[in-house]
Amino acid sequence: MAREMIRQGGRSARIQEEVHKAVNTLLKTYDRNELTVPMVAESSGVTPSTIYRRWGDLSQLLADVAVAHMRPVSEPEDRGDMQGDMEAFIQQYAEEMSSKVGRQMLADIIGSGGSSATVKCCGFTYQHLETLQKRAIKRGETGFSVDEAMDVVVAPVIYHILFEDREPTSDYCRKLVARLFQRGDR
């Protein structure tokens, strides 16, 4: 399990930054299944025991790196109305997560065995939906249940990405959003 008691700033943050940078650099040259903890340690200038102590194993480290990439850098697009905002959000989300890089990040997070990485990843998506919901209420719209949006809109998109049984197209995403807002319990 990834360690959560990492101090922010200082030596600990520098180590995390160097290890993450090493992983990202190595992934440009090597396939994921070729990476080893000793390779990452050598590239980052730390000992393998530092990586094992901090992340537990390579899958936890890869999940932590993936979560760092998924951390939101800005708020979801504001289209002026709740349904438009939700459509823009889920279309961008589907596009990013169904890309080769997005699929690999999801695989790393899920492959980490239910660690804090999965909780963080879900938390980022939940935060975006909360932002959309608060924005809608501020505009005088009814709002929506964030949990229901996760169930009706986000979950089907993730399912189809993970199992590659259907492409989460823009049209499909719009239909999911329409289904969310057609429900009578708003």
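Me: Which helix gives the most to the nonpolar patch?
Reply: This model is predicted: local features need pLDDT of at least 70, side-chain atom pairs count only at pLDDT 80 or more, and totals for chains, interfaces and linings use all residues. Residues are numbered from 1 along each chain as its sequence is written, and side-chain values use heavy atoms, leaving out hydrogens and water. Helices here are DSSP runs (H or I, at least four residues), numbered from the N terminus. Three residues of the patch come from residues 146-163, and the helix that gives the most is H8.

Me: How much accessible area does the patch formed by Ile110, Tyr159, Leu162 and Phe163 have together?
Reply: A nonpolar patch joins side chains of Val, Leu, Ile, Met, Phe, Trp or Tyr within 5 Å, from residues with over 30% relative accessible area and no salt bridge (a Lys or Arg side-chain nitrogen within 4 Å of an Asp or Glu carboxyl oxygen). Areas come from the Shrake-Rupley method with a 1.4 Å probe. Together, Ile110, Tyr159, Leu162 and Phe163 have about 400 Å².

Me: Is Phe163 buried or exposed?
Reply: Buried means under 20% relative accessible area, exposed over 50%, and partly exposed in between. Tyr159, also in helix H8, is partly exposed because its value is 42%. Phe163 has a relative accessible area of 56%, so Phe163 is exposed.

Me: What kind of aromatic pair do Phe144 and Phe181 form?
Reply: The structure holds three aromatic pairs, meaning ring centres within 6.5 Å, with planes under 30 degrees apart called stacked, over 60 edge-to-face and the rest tilted. The centres of Phe144 and Phe181 lie 6.0 Å apart and their planes meet at 80 degrees, so this pair is edge-to-face.

Me: How many residues apart are Phe144 and Phe181?
Reply: Both Phe144 and Phe181 are buried. Phe144 sits in the loop between helix H7 (116-138) and H8, while Phe181 is in helix H9 (residues 170-182). Their pair links distant parts of the chain, and the separation is 37 residues.

Me: What separates Tyr159 and Phe163 along helix H8?
Reply: Tyr159 and Phe163 form a tilted aromatic pair, with 4.8 Å from centre to centre and 40 degrees between the planes. They are four residues apart in helix H8, so what separates them is about one helical turn.

Me: Which residues does Gln91 touch, beyond those up to four places away in sequence?
Reply: Gln91 lies in helix H5 (residues 82-98). Its relative accessible area is 19%, so Gln91 is buried. Contact means heavy atoms within 4.5 Å, and Gln91 touches Ser170, Cys173 and Arg174.

Note on methods: Helices (H or I, at least four residues) and strands (E, at least two) are DSSP runs, numbered from the N terminus. Buried means under 20% relative accessible area, exposed over 50%, partly exposed in between (1.4 Å probe, protein chains only). Patches are made of residues with over 30% relative accessible area and no salt bridge: like charges are joined within 9 Å, nonpolar side chains (Val, Leu, Ile, Met, Phe, Trp, Tyr) within 5 Å.
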